[in-house]
Every structure is written in structure tokens, then in C-alpha cells.
Amino acid sequence: MSYTGKDLELTKDADGTLTKIKVPQTAYIQHKLAPTVENDWDSGKRSAQAALTPKECGDYRELQGQTAWTSNTRMDVAYDISENAGASHAPTVGDMKRLHKLARHIVSTADKGIELTPIEDPCTVLFADGSWANAEDNKTKGGHAVFLASKKDVEQGNLAIVCLLAWICASLKRVCTSTFDAEALSLLRGSDELLAVAYLMSEMYYGRMPSIAEKVLMYGFGTQEIPRPMLEMYAFNDGQGVIDSLNTTKWAIKSKRRRVDISAMRETAEMVKYGHCPTWLNVVDGLTKRDWKLRKMLELAMAGRVQFF
């Protein structure tokens with residue numbers, strides 16, 4: 001079945017038990033995107049830096065919108081879509097060629113999508129990464145992804161079956177002056193989404209938890225803390241300095257603004273277990289830079305395979 005451009009493919013075993021849900025966008029890609037890039041785009045003899053005509057700019061933005069819609073289920077192309085979106089205000093011939101190349105890749109891999117499988121003893125896991133000043137106008141690209149995984153696999157460092165729940169690939173809104181800043185702000189942004197997803201999953205598993213206002217009505221005024229999610233939460237980043245700063249009471253950071261950011265994450269340390277991961281095992285490295293090997297890692301994560309450590 002299809003819903004809002006997304007297909008739902010259900011897999012059941014012999015006794016009718018649901019074993020997997022796959023969410024691709026095959027129908028949308030074949031009927032909307034494929035006809036647009038059926039023929040190669042002719043740029044004539046213009047250079048890659050030449051500006052597009054007004055009509056071509058409209059065509060660029062239309063095709064960009066179509067590829068952006070596929071990112072609802074295609075984390076593997078999120079970086080390319082983000083980069084192409086940044087060029088939409090004044091696209092060039094080179095931008096159009098890159099966009100068509102990406103669209104053709106999406107069409108040729110139309111069957112890819114998110115795969116969801118049952119998870120025993122679940123927990124929520126965040127991977128976050130930031131690449132300093134690697135985007136347009138020296139902006140910093142940040143990316144993160146939140147997964148549902150088995151607590152046992154996370155703690156034992158297994159090659160685990162996971163469910164991809166949320167992700168983002170976008171430039172950080174605040175100015176970064178170092179790689180430390182990039183990693184810290186990306187982890188902070190990801191932590192916010194990790195908490196939101198953990199609360200949502202806790203309600204799905206155990207029912208809605210009472211808010212502070214409801215607890216006051218039930219128990220009266222006094223010290224009423226926000227209830228923590230019922231699921232364990234883990235957050236991983238490949239910036240060793242960022243993780244070290246979360247686990248010490250000493251300040252080696254000169255920036256007062258960054259101290260505030262680190263303090264915000266320290267306040268959640270009782271709920272979230274922060275840890276360092278090797279760069280080569282950081283699943284979301286491909287959300288901050290373009291590399292075909294990193295794209296393959298994202299494809300494996302979409303298919304529900306992540307190596308813990």
C-alpha cells in the first residue's frame with residue numbers, strides 16, 4: 001500500500017507474524033521523478049560556472065523539490081540533497097548537472113528505503129557528527145540519526161539490527177570557530193531529538209506519562225521533576241574532546257557560549273549515556289561530507305544494520 005508518496009511493504013512468516021516493514025518510495029520515484037530525468041540535460045557549450053536561464057532555474061527548483069521529497073526515506077542521499085538545496089537561489093550549469101546525476105541515482109535505486117524489524121529490550125541511540133566550515137560560505141554541516149536498537153547489542157558492541165527513526169542533514173545555524181564547536185553543536189542538536197524520540201517511544205510502549213501540570217493536580221505543588229523516558233538513551237560522537245568535556249568538572253573551554261552548550265548536555269547526562277565512537281564507525285559521517293563509502297554505510301543503516309563498539 002502507499003501513503004503520501006511512501007510505500008509500505010509488509011513481510012510475514014508462515015504463521016502470519018509480522019517480521020519486517022519496508023518503507024521505500026518506489027511508486028513516487030518511478031511516476032514522478034523518473035520521467036523528469038529520462039533524457040540527459042543538454043547544457044550546450046556553457047561552462048559549469050555559467051548561470052542558468054530563468055526557465056532553467058524553475059526547472060532546477062522543481063527537480064530539487066522532487067528529489068528532496070525522496071529524502072523522507074532516503075538518508076543515504078540526504079547530504080547531496082542538502083547541498084543542492086543550498087544552490088537553489090542562484091543555480092549554475094554545474095549545479096544542474098549534479099542534480100540530474102543525483103536524480104538518476106535515486107531512480108536507479110528506487111527500491112531502497114527504511115527497513116523496520118522487531119527489537120527486543122529496546123533503547124534509543126543517537127549518532128552525531130559535524131564537519132567544520134565544509135559547506136557553502138564556510139558554513140558548518142551537521143548531521144545526526146536516531147535509532148531503536150537492542151540494549152544488549154549496544155552495550156556488548158555487536159553488529160546489531162536497528163530501526164532508523166529520525167535523521168537530519170543541515171548546516172548549523174550558529175557560527176562555529178573550530179571542529180570542537182561543530183561536533184558539540186551537532187551533538188547538542190541531536191540530543192534534543194533523541195529526547196523527543198525517547199519520550200515518543202516510551203509513550204508508545206508504556207502509555208502516556210503525566211506532565212508536570214498533571215502531577216501537580218494529582219499530588220499538589222512542590223518539587224515536580226520532568227519524568228524521564230522509560231527507554232535507555234545512548235549518544236555517540238567521534239569528537240573525543242567533546243565527550244571528555246561532558247565527563248569533567250574542569251573548564252578547558254574559553255568560549256562562554258560553548259560552556260553553556262556543554263552545560264546543557266551535562267544536565268541530561270543522568271538520562272543520556274554519552275560516549276565516544278571511532279570515526280570509521282560513526283554511521284552519520286556521510287551526512288556531513290560526500291563520499292561513496294560513507295553513503296554505503298548510510299544504506300546499511302537504512303536497512304537496519306549498525307556496528308556498535
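Predicted model: local features only at pLDDT ≥ 70, side-chain atom pairs only at ≥ 80, totals over all residues.
**A walk through loops, a helix and a pocket**

I will begin with A133, which sits in the loop between β6 and β7 (141-150), where the names of strands and helices follow DSSP runs numbered from the N terminus, a helix being H or I over at least four residues and a strand being E over at least two. Residues are numbered from 1 along each chain as its sequence is written, and side-chain values use heavy atoms, with hydrogens and water left out.

Back to A133, whose phi is near 55 degrees, a positive value in a residue other than glycine. A133 counts as partly exposed because its relative accessibility is 28%; here buried means under 20% relative accessible area, exposed means over 50%, and partly exposed lies in between, with a 1.4 Å probe and protein chains only. Another residue that is not a glycine but has a positive phi, of about 45 degrees, is D121, and D121 is found in the loop between β5 (113-116) and β6 (122-131).

With a relative accessible area of 40%, T17 is partly exposed. The side chains of T17 and D15 are joined by a polar contact of 3.0 Å, a term for a pair of N or O atoms within 3.5 Å, where within protein one must be able to donate a hydrogen and the other to accept it, and where residues adjacent in sequence count only if both atoms are side-chain atoms. If we do not count residues up to four places away in sequence, T17 touches T11 and K12, contact meaning heavy atoms within 4.5 Å.

Which residues are buried in helix α1 (residues 26-33)? They are T26, Y28, I29 and L33. Seen down the axis of α1, these buried residues fall within an arc of 165 degrees, so they line one face of the helix, the arc being that of the directions from the helix axis to the C-beta atoms. Their cover includes β2 (6-7), β4 (18-24), α2 (54-70) and α4 (93-108).

Next comes S191, which belongs to helix α6 (residues 179-206) and counts as buried because its relative accessibility is 4%. A polar atom of the S191 side chain lies 2.7 Å from the backbone oxygen of L187. Leaving aside neighbours within four places in sequence, S191 is in contact with L126, M265 and Y274. T268 is placed in the loop between α9 (256-267) and β11 (272-276), and T268 counts as buried, at 14% relative accessibility.

Finally, the largest pocket. Its lining is made up of 17 residues, and A135, E136, K139, S171 and L172 lie nearest its centre. The elements giving two or more residues to this lining are α3 (78-86) and β9 (163-171), with the largest share, three residues, coming from α3. A pocket here is an open set of points on a 1 Å grid over the protein atoms alone, where a 1.4 Å probe fits, with protein on both sides within 12 Å along at least five of seven lines, and lining residues have an atom within 4 Å of a point.
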